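Subject: Structure handover

Hello,

Here is the structure we talked about. Please open it alongside this note.

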Amino acid sequence: MKLPLVENLISHTFLQLTLFTVIACVSAALNAQTDNAPEKFNQQDKFRQLEEILPTPNANRTGSGAPGNGYWQQKVDYEIQVRLDDEKQKLFGSESISYTNNSNDKLTYLWLQLDANIHRPNSDANLIATTSEFDRLGFRSLKTMLAKEVFDGGFKITRCLDSSTKQKLKHTIVKTMMRVDLPRPLDPGQTFEFEIDWHYQINNARVIRGRSGCEYFEEDKNWIYEVAQWFPRLCAYTDNTGWQHKQFLGRGEFTLEMGDYVVQITAPNDHIVASTGTLLNPDQVLTEVQRERLKAAKTSTAPVFIVTPDEAKSNESNKPDGTKTWIFKADQVRDFAFASSRKFIWDAMQHNQGKFPVMAMSFYPNEGEPLWSKYSTHAIIHTLEVYSRYTFEYPYPVAISVNGPVGGMEYPMICFNGPRPEKDGTYSASTKYGLISVIIHEVGHNYFPMIVNTDERQWTWMDEGLNTFLQYLAEQEWEDDYPSRRGEPNDIVGYMRSPFQVPIMTNSESILQFGPNGYSKPATALNILRETILGRELFDYAFKEYALRWKFKRPMPADFFRTMEDASGIDLDWFWRGWFYSTDHVDMAITEVRQLNIDTKNPRIENGIKRKARDAQPLTQSKERNENLEKRTYRYPDLKDFYNNYDELDVTPEDRQNYERFIKSLTDEEKKMLASKRHFYILTFENRGGLVMPIIFDAEFEDGTKQHVRIPAEIWKKDNQKVSRLLMTKKVIKSVTLDPRLETADTSLENNYFPPRILKSRFELYKDSRRRGGGSNPMKTAQDREAKKKEASKVKQGKK
């Protein structure tokens with residue numbers, strides 16, 4: 001018999017059970033899906049361990065996710081002299097490279113990256129660019145397309161020789177890579193030194209976009225240069241990949257070796273140069289005033305102008321009368337970048353953290369004011385404060401943010417960031433927060449992948465995803481209600497239910513919806529792992545352990561997955577499998593709530609409950625219409641007998657005697673349980689999206705109070721499509737809400753309520769201004785045009 005749970009709770013089944021059959025009935029209900037299952041259970045195992053997918057642990061990489069006692073990585077040191085031609089926007093460079101083979105392998109050749117070759121007209125990046133049908137094309141887009149047909153920004157290698165013998169080295173350029181054949185095999189532990197000279201044309205990043213380039217300012221005829229991927233760099237040779245020389249196609253970024261750099265940058269003598277590393281010759285390139293201001297920045301509580309806006313504005317009209325050579329040194333970095341311009345304002349403020357004081361500095365033109373002087377350097381320091389707390393102390397002496405043509409790009413100690421205010425100095429909220437966020441993000445990349453040195457060419461998420469997660473944490477510590485775009489589970493539901501996607505564990509060049517896949521989804525997954533699965537304490541400990549283990553080393557995905565499990569003590573294979581190896585989404589539904597009450601065996605109570613339920617049954621349409629019919633027993637009363645007045649729910653003396661005997665047979669403990677006022681509920685949940693997650697819900701009681709319930713994801717281990725769970729309460733449940741705090745990125749909230757809620761929305765009324773027949777009316781347009789001409793002619797004649 002189906003009865004309402006409470007007056008406003010529909011579709012519940014009210015069951016009367018004896019105390020001694022409750023457990024049996026609950027067990028039967030919980031296992032009903034197994035009893036009714038098909039002969040063969042054919043669900044995917046969402047909790048299948050990843051050991052069959054992850055690489056086998058070895059001496060280099062352990063099963064715990066830590067570097068093994070046999071771990072090694074190559075070391076590459078560079079000495080570079082580069083000259084910036086401000087008249088022709090060219091770079092001329094000469095480098096000496098010292099390559100140390102720390103592997104156990106004998107090497108017969110070395111591979112180098114020639115990233116600038118992506119700007120050749122016949123580069124793979126240009127040739128494989130796809131398009132779809134269009135009926136509109138912007139002038140800027142067409143300008144870019146036409147420029148790419150003729151612009152050659154590739155490397156011109158003019159010299160490659162052995163440093164010891166000064167003999168030419170045979171080398172072969174393969175698109176964006178170059179193989180250098182060694183004159184003799186390089187044995188483990190040996191070092192080989194060689195030299196390369198080169199030059200190339202710098203791309204105008206406002207025409208041909210890239211991760212570096214220059215920007216021209218028509219008003220003052222000056223340039224800003226943001227120079228990166230600017231010298232032939234060694235490819236990484238690793239224990240798990242060998243040579244990582246996948247071609248540079250644009251999206252998959254860089255895989256590089258750690259090393260030490262000394263770089264001499266020759267630029268016009270009115271330029272300010274910002275660079276990776278420590279400036280070794282400030283006395284030769286800075287004025288005394290600038291040096292004094294830098295000294296003041298070490299103790300200042302606010303950014304100090306090293307070059308003021310007025311000074312930068314004055315510099316714009318200057319012409320250089322020579323060059324200066326800025327010398328920078330950077331140790332234990334995987335790359336090197338710089339920026340140069342006479343337009344730069346320069347501010348600085350020292351950030352003191354632990355044993356590593358850091359000079360935070362910003363370089364930007366007057367076009368960036370007043371936004372940049374207000375926020376850039378503060379955003380740098382804020383990033384260092386927050387990121388260091390979750391990983392390790394920032395180990396470098398400087399951290400730099402530069403404004404130029406590149407919207408957002410990161411290199412060791414320096415990053416390029418694009419947002420600027422309007423010409424009148426005003427700016428929108430999106431520009432303000434866009435600047436703060438991009439600086440946090442790009443400065444944050446110092447941690448991932450500049451120090452935790454991941455393979456960006458293969459795995460976008462390992463740096464972008466982890467960094468976006470930490471960016472979200474830093475943004476939330478900037479101010480109340482910071483408008484973060486990524487991190488909150490509810491912000492990713494649109495992407496999660498999209499059919500146009502691939503797993504996170506996809507090569508960088510094959511990703512669909514690059515931003516959501518490489519940035520948003522992994523960042524959200526980690527936030528869910530921190531807030532919902534592990535909790536902040538366990539997660540933060542494990543995440544920091546990963547960062548410390550792989551600081552200045554090269555982890556792979558398995559090292560991250562294994563470390564997070566090893567340090568937290570929680571099996572997370574189901575989580576990695578669902579979030580990183582599949583395109584499943586979260587859509588959990590609560591489909592049924594059944595109430596079970598203990599049968600007291602007291603006939604007075606139980607029969608009263610039954611009578612009340614019977615009386616609550618609705619009067620059917622037929623019965624209502626048949627009430628006024630004259631019945632035969634009205635005309636012939638003798639047809640009535642005992643059963644016409646009999647009610648099976650009346651309590652008989654025999655019922656009372658049976659109840660008394662039953663009570664006497666119980667122990668005191670059993671009598672106490674029989675008198676319990678507990679309510680038993682069976683809640684049934686369905687996993688409709690495929691991605692298993694913890695079941696989190698609020699049970700609201702009739703008195704308005706709530707009980708918050710959290711059930712681990714392992715409840716789906718035996719059946720990942722439908723499960724039931726018993727809930728015992730002291731109060732009567734009024735309603736149940738699934739995922740009440742929006743923790744799981746559930747893509748369909750409509751099925752998260754029991755009883756279901758009315759779906760509410762709004763629509764807009766508008767006046768229909770369309771003419772009868774619809775569409776455009778060229779005839780009417782022509783008539784109107786002729787009428788206007790005639791009217792204009794009359795006016796003209798009248799004036800005459």
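Met 588 stands opposite Asn 687 in S26. That pair belongs to strand S25 (residues 588-599) and S26, which are antiparallel and share eight bridges. Before going further: this is a predicted model.

Strand S26 (residues 679-687) also has a partner in strand S29 (residues 722-729), again antiparallel, again through eight bridges. There, Tyr 681 faces Leu 727 of S29. How many residues of S26 are buried? Eight of the nine, so the strand is largely enclosed by the rest of the structure.

Another sheet is worth a look. It is open, has four strands in the order S9-S10-S19-S15, and pairs in the antiparallel sense. Its edges are strand S9 (213-217) and strand S15 (272-275), each of which pairs on one side only. On average, neighbouring strands of this sheet are turned by 10° against each other, ignoring direction. S9 is joined to strand S10 (residues 222-227) by five bridges, and the two run antiparallel.

Start with helix H14 (residues 536-549), which has two contacts to check.

From H14, the contact uses Leu 538, Phe 539, Tyr 541, Ala 542, Phe 543, Glu 545, Tyr 546 and Arg 549. From H15, it uses Asp 559, Phe 560, Thr 563, Met 564, Asp 566, Ala 567 and Ser 568. By class, that contact has nine nonpolar, two polar and four charged residues.

Ser 388, Arg 389 and Tyr 390 of H8 meet Asp 540, Phe 543 and Lys 544 of H14. This contact of H8 with H14 divides into two nonpolar, one polar and three charged residues.

Helix H16 (residues 573-580) is mostly covered, with eight of its eight residues buried. They are Asp 573, Trp 574, Phe 575, Trp 576, Arg 577, Gly 578, Trp 579 and Phe 580. What do the buried residues of H16 pack against? Helix H11 (461-476), helix H12 (493-496), helix H13 (514-533) and H15.

Last, some backbone geometry to inspect. Most residues other than glycine have a negative phi, and most peptide bonds are trans. The following depart from that.

- Glu 369 to Pro 370 is a cis peptide bond, with omega near 5°. Pro 370 sits in the loop between strand S21 (356-364) and H8.
- Phe 448 to Pro 449 is also cis, with omega near 20°. Pro 449 is in helix H10 (residues 446-451).
- Leu 742 has a positive phi, near 55°. Its place is the loop between strand S30 (733-738) and strand S31 (753-754).
- Ala 745 has a positive phi of about 60°. The loop between S30 and S31 holds Ala 745 too.

Ala 745 counts as buried, at 1%.

Best wishes

Key
Residues numbered from 1 in each chain as written. Predicted model: local features only at pLDDT ≥ 70, side-chain atom pairs only at ≥ 80, totals over all residues. Heavy atoms only, no water. Contact = heavy atoms within 4.5 Å. Nonpolar A, V, L, I, M, F, W, Y, C, P; charged D, E, K, R; others polar. Buried < 20%, exposed > 50% of the residue type's maximum accessible area, 1.4 Å probe, protein only. Pairing = 2+ DSSP bridges. Axes fitted to C-alpha atoms, helices over the stretch in contact; angles between N-to-C directions.
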